[in-house]
Amino acid sequence: MFERYSVEVPSSDEDWMKLAYNAAVDAFNAGEVPVGAVIIRRNHPLAVTRNDVIGSGSVLGHCELNAIRLATSIVGDWRLNDCTLYVTKEPCPMCSGACVMSRMGRVVFAVADGKMGCLGGCGCDLSTHAGFNHSFPCASGILEQPCRELLQKFFQMRRAGENPPGHP
């Protein structure tokens, strides 16, 4: 239903977001909320993940947490200061907090979330919270339209009583 992007050698924010989008398409096809994430370090991918809340049966199956878990195991350290997280939807409070706690170097997201986004979308920005001992720059709007369309199609199908592909 949704075409995946072809990316030869990713080198820009848009290229990395295309890989996150591809992971979101995989989530859609698995019946999960279509959000994908990529963590890079020194222009090399450490993690490409998708939401897996339904499949794992755990609220901790958000793609950002999956990516952070994988990246920290590869790096061998819980600190990701020199890494960038690309994610197709603005991180929720839990995932934004995980970015703070993992000392993420930078976060780039496609679609702002006015209800649950905690990097500015809902009025709360954990990336610059004065009381925390870590802050990080954020960028948004990269590939916003295709990422938004994917999310909207998923929830339109759910509201209409249709199951996305792969959903029980």
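Modeller: At 28% relative accessibility, Tyr5 counts as partly exposed, whereas Tyr21, at 4%, counts as buried. Buried means under 20% relative accessible area, exposed over 50%, and partly exposed in between, with a 1.4 Å probe and protein chains only. The model is predicted, so local features need pLDDT of at least 70 and side-chain atom pairs count only at pLDDT 80 or more, while totals for chains, interfaces and linings use all residues. Residues are numbered from 1 along each chain as its sequence is written, and side-chain values use heavy atoms, with hydrogens and water left out.

There are four aromatic pairs, counted when ring centres of Phe, Tyr or Trp (its six-membered ring) lie within 6.5 Å; planes under 30 degrees apart are stacked, over 60 edge-to-face, and the rest tilted. One of them is Tyr5 with Tyr21, edge-to-face at 5.2 Å centre to centre and 70° between the planes. Tyr5 lies in the segment before α1 (13–29) and Tyr21 in helix α1, so this pair ties together parts 16 residues apart in sequence. Helices (H or I, at least four residues) and strands (E, at least two) are DSSP runs, numbered from the N terminus.

Phe28 and Phe154 have ring centres 6.1 Å apart and planes at 70°, so they too are edge-to-face. Phe28 lies in helix α1 and Phe154 in helix α5 (residues 144–159), so the parts joined are 126 residues apart in sequence. Phe28 is buried at 0%, and Phe154 is buried at 0%. Ring pairs link Phe28 and Phe154 with Phe2 and Phe155 into a cluster.

As for charges, the count is eight salt bridges, each a side-chain nitrogen of Lys or Arg within 4 Å of a carboxyl oxygen of Asp or Glu. Helix α1 holds both Glu14 and Lys18, four residues apart, about one turn of the helix. Their closest N and O atoms are 3.7 Å apart; Glu14 is partly exposed at 41%, and Lys18 is buried at 16%.

Asp113 and Lys89 also meet in a salt bridge, 3.0 Å from N to O. Asp113 lies in the loop between β4 (106–111) and β5 (138–140) and Lys89 in strand β3, so the pair ties together parts 24 residues apart in sequence. Both Asp113 and Lys89 are buried.
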